[in-house]
Amino acid sequence: MPNGWEIVIGMEVHVQPTTRSKMFCGCAVGKLGDPPNSNVCEICLGMPGTLPVINKAAVEACLKTALALSCEIPRHTKFDRKNYMYPDLPKGYQISQYDLPMSRNGFLELEGHRVRIRRVHLEEDTGKLIHAGDKLHKAWESFVDLNRAGTPLMEIVSEPDLRSADEARDYAVALRTLLRTIGSAEAEMEKGQLRAEPNISIRRAGSEELGVKTELKNINSFRALHRAILYEVVRQTEVLESGGTVVQETRGWSEAEGRTFSQRSKEFAEDYRYFPEPDLPPLEIDPGWVEELRAALPELPGARHGRLVQQYGLPVKDATLIVGDRYLADLYETAIANGAPTLSTANWIVNEVAPTGKLIDPAYLAELMKLLHGGNITRDQARETYFESVETGRSPSDIVAEHGFAQLSDETALLAEVEAVMEANPRAVEDYRAGKKQALGALMEELIKRAPQANRKIASDLLRRLLG
Ligand SMILES: [Zn+2]
């Protein structure tokens with residue numbers, strides 16, 4: 001951070017929990033590409049005289065998330081009306097939670113430090129406005145699509161414990177991993193299922209007082225989150241260093257222009273005239289149910305990371321990448337259980353599986369890794385076999401046999417090749433014997449040209465022995 005400023009970031013993250021139906025009605029949760037207004041009913045359209053009903057699956061997903069974040073779950077919780085007028089909000093209010101959220105006081109462990117979680121609560125999403133037309137002819141039209149109206153949302157609110165754009169992005173990534181691991185959300189940002197709203201301020205390093213913050217709305221990629229925070233920090237620094245004051249406001253992020261822009265001055269809680277939702281009874285959470293949910297939580301990413309490092313001796317970086325994706329982590333551990341070698345399999349997942357996202361049957365991965373590790377096939381052959389197995393579903397041993405992939409590991413056969421190469425390259429042999437050790441590389445290259453199937457390790461051992 002330049003010039004002795006410290007960055008302070010808190011984050012609100014909205015996540016759509018995995019449920020079949022909406023928060024307070026039986027409508028299916030809309031998917032991208034559904035015809036506009038096809039997943040709606042009188043409840044989510046806000047018709048007078050209708051009554052909402054709480055979706056138990058959404059409550060369960062929210063409780064699981066809160067428990068995975070080590071939150072306290074109070075026995076009593078309730079829903080409140082947050083009143084405001086906007087065309088994508090047909091009721092004229094949003095049902096949210098105000099002073100008695102479903103959970104509070106948790107934390108998420110990031111590498112090196114703990115980010116406190118203030119609360120995780122449930123609410124409903126708004127609809128969408130689609131603006132069309134062209135500026136030139138001033139023919140603007142706006143359309144309302146209420147498929148998203150009433151979709152359940154979990155709001156995860158952190159304390160201002162993040163200190164850089166990197167940390168803010170790491171936090172959002174870690175949160176997504178956690179949600180996917182416990183199965184409470186798919187959290188696909190490109191589908192709008194996870195939206196981040198960082199609030200950012202800066203202060204003189206060493207100061208305890210918080211600066212004036214701005215809040216960035218609806219950021220829907222990790223890259224945008226990182227860029228937007230970097231931009232906002234520079235902007236605020238310039239404002240303060242030129243003697244100005246930062247205005248507390250909500251700002252948007254333009255990905256195309258790479259800048260934030262003012263949207264509206266910050267509203268305060270009292271502007272919303274919150275009051276308890278009269279159409280819903282307060283919700284009593286059964287402590288027995290909470291304990292059942294807690295007991296059913298799978299191993300969490302932080303614990304799994306520690307275990308992979310400890311149990312298999314994985315490098316921290318590899319473990320971070322593998323645990324960051326539940327499917328990779330499960331693939332790894334199931335392959336290991338099937339006898340795959342620990343380190344080379346981790347290396348394979350990091351370098352071959354993660355970049356392509358192509359997953360193989362774990363038993364097949366184990367088979368392939370054993371072939372590679374045992375020196376039966378080369379790495380290029382293993383790669384080809386891997387992708388063919390992913391495509392066709394056939395076993396690696398079948399593919400290896402069919403292609404005649406098999407390394408030349410037989411010493412007698414290799415010896416003949418090595419001798420032939422030495423005969424054909426007397427100069428390199430002399431150089432090596434005269435102390436130019438790099439001549440070995442040239443001889444190995446010649447050998448691979450003659451015998452591409454040669455097992456590299458055995459061949460170079462032989463070569464070294466004969467050069468003696
Ligand atoms: Zn509905």
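Two strands pair if DSSP finds at least two bridges between them. Strands (E, at least two residues) and helices (H or I, at least four) are DSSP runs, numbered from the N terminus. This is a predicted model, in which local features need pLDDT of at least 70, side-chain atom pairs count only at pLDDT 80 or more, and totals for chains, interfaces and linings use all residues. Residues are numbered from 1 along each chain as its sequence is written, and side-chain values use heavy atoms, with hydrogens and water left out.

In strand E14, the bridge partner of Asp80 is Pro276. Two bridges join E3 to E14, and the two run antiparallel. On E3 (residues 80-83) there are also four antiparallel bridges to strand E4 (residues 93-96). Here Arg81 stands opposite Ile95.

Buried means under 20% relative accessible area, exposed over 50%, and partly exposed in between (1.4 Å probe, protein chains only).

## The eight-stranded sheet

A second open sheet has eight strands in the order E5-E6-E9-E1-E10-E11-E12-E13, with mixed pairing. E5 and E13 (259-265) stand at the edges with a single partner strand each, so one side of each has no neighbour in the sheet. Neighbouring strands are turned by 30° against each other on average, direction ignored. Axes are lines fitted to C-alpha atoms, for helices over the stretch in contact, and angles run from 0 to 180 degrees between N-to-C directions.

| Strand pair | Bridges | Residues standing opposite |
|---|---|---|
| E5 (residues 104-110) and E6 (residues 113-124) | six | Glu109 and Arg114 |
| E1 and E9 | four | Glu12 and Val157 |

Helix H3 (residues 222-241) packs on the sheet. H3 touches E1, E10 (194-204), E11 (214-216), E12 (249-254) and E13. Its direction makes about 25° with that of E10. Contact means heavy atoms within 4.5 Å.

The hairpin of E5 and E6 has two residues between the strands. Gly112 takes a positive phi near 95° there. Asn37 has about 55° and lies in the loop between E1 and H1. Asn37 is partly exposed, at 34% relative accessible area. Ala187 also has a phi of about 55°, but sits in the loop between H2 and E10. Ala187 is buried, with a relative accessible area of 0%.

## The nonpolar cores

A nonpolar core is a set of buried Ala, Val, Leu, Ile, Met, Phe, Trp, Tyr and Cys residues joined through side-chain atoms within 4.5 Å. The largest has 62 residues. Those with the most contacts inside it are Met11, Val15, Leu69, Phe79, Leu122, Ile156 and Tyr171. Helix H2 (residues 165-182) gives the largest share of this core, eight residues. Leaving aside neighbours within four places in sequence, Leu69 is in contact with Gly106, Phe107, Leu108, Ile117, Val120, Ile156, Leu175 and Leu178. A second, separate core has 30 residues, including Tyr312, Ile336, Ala346 and Ile377.

## The zinc site and Val53

Cys25, Cys27, Cys41 and Cys44 coordinate the zinc ion through their SG atoms, at 2.3 to 2.4 Å. Donors are N, O and S atoms within 2.8 Å of the metal (3.2 Å for Na, K and Ca); water is not among the atoms, so sites may look incomplete. The donors follow the spacing C-x1-C-x13-C-x2-C along the chain. The site is tetrahedral, with angles of 100 to 115° among its four donor atoms. Four donors count as tetrahedral if all angles lie between 85 and 135 degrees. The ideal angle for four tetrahedral donors is 109.5 degrees. Both Cys25 and Cys27 are buried.

Val53 touches Cys25, as well as Met23, Phe24 and Leu280, not counting residues up to four places away in sequence. Val53 is found in the loop between E1 (5-15) and H1 (56-68). Val53 is exposed, with a relative accessible area of 57%. Val53 and Leu414 are 361 residues apart in sequence and 75 Å apart in space, C-alpha to C-alpha.

Definitions and conventions: Four donors count as tetrahedral if all angles lie between 85 and 135 degrees; four count as square planar and six as octahedral if opposite donors are over 155 degrees apart and all others between 65 and 115; anything else is irregular.
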